[in-house]
Amino acid sequence: MSKAIESKKVQVQEIADKFSAAASVVVVDYRGLTVAQVTELRKQLREAGVEFKVYKNTLSRRAAETAGLEGINEFLTGPNAIAFSNEDVVAPAKIINEFAKKNEALEIKAGIIEGTVASVEDVKALAELPSREGLLSMLLSVLQAPVRNFALATKAVAEQKEEQGA
């Protein structure tokens with residue numbers, strides 16, 4: 001086999017591994033963005049631990065088939081960039097959605113959320129969710145409310161008893 005074919009096989013396997021390992025993937029059309037805008041988007045994604053790459057569509061399609069995600073292939077046409085996140089499911093969708101609001105040239109095509117192909121609407125809905133920290137703080141406030149209310153009631157009863165005793 002030629003070196004070019006071997007190289008492509010290695011690339012396909014590499015992309016397939018990224019598809020399989022990723023908690024979420026977002027496919028975007030970046031046509032119309034300036035180099036400065038793409039650089040800014042890459043910077044924001046890198047800071048969140050998200051990998052943002054441009055691959056040939058044929059290699060991406062073969063990798064999706066290898067990873068068992070054939071449903072994403074219909075979106076792999078034209079110039080695409082793919083954002084992979086291994087830890088945070090929400091981060092790529094949130095960052096790309098915010099960036100797309102400011103830069104209309106960036107178009108979200110589709111995504112993969114925990115191994116399931118997702119539509120544009122699904123990706124945007126995911127982007128609207130609060131961050132992990134936000135969800136944890138909401139949970140914490142819900143868990144603290146009964147304890148706080150009990151403490152306030154106990155204090156009120158103690159004060160009332162004090163007044164009656166005085």
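The model is predicted, with pLDDT of at least 70 needed for local features and 80 or more for side-chain atom pairs, while totals for chains, interfaces and linings use all residues. Numbering runs from 1 along each chain as its sequence is written, and side-chain values use heavy atoms, without hydrogens and water.

Strand β3 spans residues 80-85 and includes Ser 85; strands are DSSP runs of E of at least two residues, helices runs of H or I of at least four, numbered from the N terminus. Ser 85 counts as buried because its relative accessibility is 1% (buried is under 20% relative accessible area, exposed over 50%, partly exposed in between, with a 1.4 Å probe and protein chains only). A polar atom of the Ser 85 side chain lies 2.6 Å from the backbone oxygen of Asp 88. Leaving out residues up to four places away in sequence, Ser 85 touches Ala 22, Ala 23, Ser 24, Val 50 and Pro 92 (heavy atoms within 4.5 Å).

The structure holds two aromatic pairs (ring centres of Phe, Tyr or Trp, the last by its six-membered ring, within 6.5 Å; planes under 30 degrees apart are stacked, over 60 edge-to-face, the rest tilted). Tyr 55 and Phe 84 make an edge-to-face pair, because their ring planes stand at 70°, with the centres 6.4 Å apart. Tyr 55 is in the loop between β2 (50-53) and α3 (57-66) and Phe 84 in strand β3, so the pair ties together parts 29 residues apart in sequence.

Helix α6 (residues 132-165) contains Leu 139, which is partly exposed at 46% relative accessible area.

How values were computed:
Polar contact = N/O pair within 3.5 Å; in protein donor to acceptor, adjacent residues only side chain to side chain.
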